[in-house]
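Please look at the sequence and structure before reading the points below.

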Amino acid sequence: MPNELPLRKIIHVDMDAFYASVEELDNPDLKGKPLAVGGSEKRGVVSAANYEARKFGVRSAMSGFQARKNCPHLTFVKPRFDRYKEISKQIRAIFFEYTDLVEPLSLDEAYLDVTINKKGNPSATMLATEIRQRILEKTGLNASAGISINKFIAKVASDINKPNGQKTVNPEEVIPFLENLDIRKFYGVGKVTAEKMYKLGIFTGKDLKSKSIEFLAENFGKSGPYYYHVVRGIHNIEVKPHRIPKSVGAERTFNENLSSEIFMLERLEHIAQELERRLKKSTIAGKTLTLKIKYSDFTLNTRSKTIPYFISDKALILETAKELLYQEELQNSVRLLGISLSNLNTDDKKAKKVDDKSILVQLKFDF
C-alpha cells in the first residue's frame, strides 16, 4: 500500500572544491588565488579548480592548455591523492558518528540516511548543520549539504547554496521545488541531454512534468521513465553502505599521440597490470571486457567482448584487449587507452530494482 512506503531523511554532504581546498589548507599562500589541481602541460587535465578559478570558466576535466588560456595567472599544483584520502577518512569517521547508513560516492561526497540516527535527533536539518561544523573543526574545510526525503532531491539541494551552505527541501516543498527547478540542475541531465530537452520545450521541472512517460521514453530511452518519476519526487533507492561497483577500469592519457599498434600494446600491458591490481584488491572479476580508445581528434571508440568465465589476471585481460585492438583498423592516432571489466561476480549482490509504480508519500515530520 502507498501509505506504507517509508519517508526517509537523507543528507547529501558535498565538500567544497575538495582537492583545491586541501591544497589551500596545506599551503595558505594559495588562498585567494585562482588554483587548479592537475597538469598544466600540453596534455594535462584539470582534476579540480577552486572557486576563484571557476570565475574564469576553469572546470574539472578541462585540458590544462584551455584552463591556462581562460586564466593566464592560474596556479597549477600536482594532485596528492594520498593526502585527499587521509582527510576523506577523517570526514567519513564523522559521518559514522551519526549513522551507519553512509554511502560514499567519492572521496568528497556521501549520502547519509539519518531517519534513525545515533544522536536521537529528529531534525535532519540540525544534524546536517552539526556535521558540517564538525568537519570544519576536524579538518579546517567547508562542506555543503542537501537535506530531503530521497537521494535525488538531497543531491540536487546540496548544490543550491554552495559553497559552505545547505538547503532543506521539506516533504510539502518537494513538488514546488522540482517544478521550479531549471532542467540543468536535475542530477542526471547533462549538457547534451539539456540541449535536447530545450528543443522539446523542456526548460523547467514543470515542463518536464507535463510530458507523458511514453513521450519521455520515446525521446530519452531508458532514462525517460527515470525523468518521469524523479520530477514527481519518486526516487525510492535506499542509501547503500556498501556500494557494489558495476565496472572496474584503468586508463592512460599519453604525452604524445600513438600511431603504432606496437607502442599501444606496450601501454596496454601497463594498463592491464594496474587493472589486475585493482581487481585483486577488491576480490572482483568480470566477464565483459571493454577497450576504450580516444583518438587525437577526441572522438571516442569502445569495443567489448564477453567471455564465458570470470577473469581478473593480467594475462587474460591483456589477451582479450589485444584481440579487441586488432578487431578493426584504427581511425587516427591515439591519445588515450583504457580497459574496463563489467558483468562482475558481484552482480548477484545487487539490490532489487525499485517498483516503478511507487508513488511519493507526503507525510509531515520535522526535517
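Which residues are linked with Asp26 in a network of salt bridges? The network is made up of Glu23, Asp26, Arg80, Arg83 and Glu86. The model is predicted, so local features need pLDDT of at least 70 and side-chain atom pairs count only at pLDDT 80 or more, while totals for chains, interfaces and linings use all residues. Residues are numbered from 1 along each chain as its sequence is written, and side-chain values use heavy atoms, with hydrogens and water left out.

**Salt bridges**

- The whole structure has 20 salt bridges, each defined as a side-chain nitrogen of Lys or Arg within 4 Å of a carboxyl oxygen of Asp or Glu.
- Arg80 and Asp26 form one of them, with an N to O distance of 2.7 Å.
- This pair links distant parts of the chain, 54 residues apart: Arg80 is in the loop between strand E4 (75-77) and H4, and Asp26 is in helix H1 (residues 18-26).
- Helices (H or I, at least four residues) and strands (E, at least two) are DSSP runs, numbered from the N terminus.
- Arg80 is partly exposed, with a relative accessible area of 34%, and Asp26 is partly exposed, also at 34%.
- On this scale buried means under 20% relative accessible area, exposed means over 50%, and partly exposed is in between (1.4 Å probe, protein chains only).
- Asp26 also meets Arg83 in a salt bridge, at 2.9 Å from N to O.
- Because Arg83 lies in helix H4 and Asp26 in helix H1, the pair ties together parts that are 57 residues apart in sequence.
- Arg83 counts as partly exposed, at 21% relative accessibility.
- Another salt bridge joins Glu251 and Lys292, with 3.0 Å from N to O.
- Glu251 belongs to strand E9 (residues 247-258) and Lys292 to strand E10 (residues 286-295), 41 residues apart, so this pair too links distant parts of the chain.
- Both ends are partly exposed: Glu251 has 38% relative accessibility and Lys292 has 24%.

**Nonpolar cores**

- The largest nonpolar core has 32 residues, and those with the most contacts inside it are Ile11, Val13, Phe18, Phe95, Leu112, Ile131 and Ile135.
- Such a core is a set of buried Ala, Val, Leu, Ile, Met, Phe, Trp, Tyr and Cys residues joined through side-chain atoms within 4.5 Å.
- The elements giving two or more residues to this core are E1, H1, strand E2 (35-38), H4, E6, helix H5 (124-139) and strand E7 (143-148).
- Leaving aside residues up to four places away in sequence, Ile131 touches Ile11, Val13, Ile94, Phe95, Tyr98 and Leu112, where contact means heavy atoms within 4.5 Å.
- A second, separate core has 29 residues, including Leu258, Met264, Leu325 and Val334.

**Second largest cavity**

- Two cavities of 30 Å³ or more are present; a cavity is a set of points on a 1 Å grid over the protein atoms alone where a 1.4 Å probe fits but cannot get out, and lining residues have an atom within 4 Å of a point.
- The second largest cavity holds about 50 Å³ of space, a volume being the space filled by probe spheres set on the points.
- H4 gives the most to its lining, with four residues.

Technical notes: 1 Å grid on protein atoms, 1.4 Å probe; cavity = no way out; pocket = protein on both sides within 12 Å on 5 of 7 lines; lining within 4 Å.
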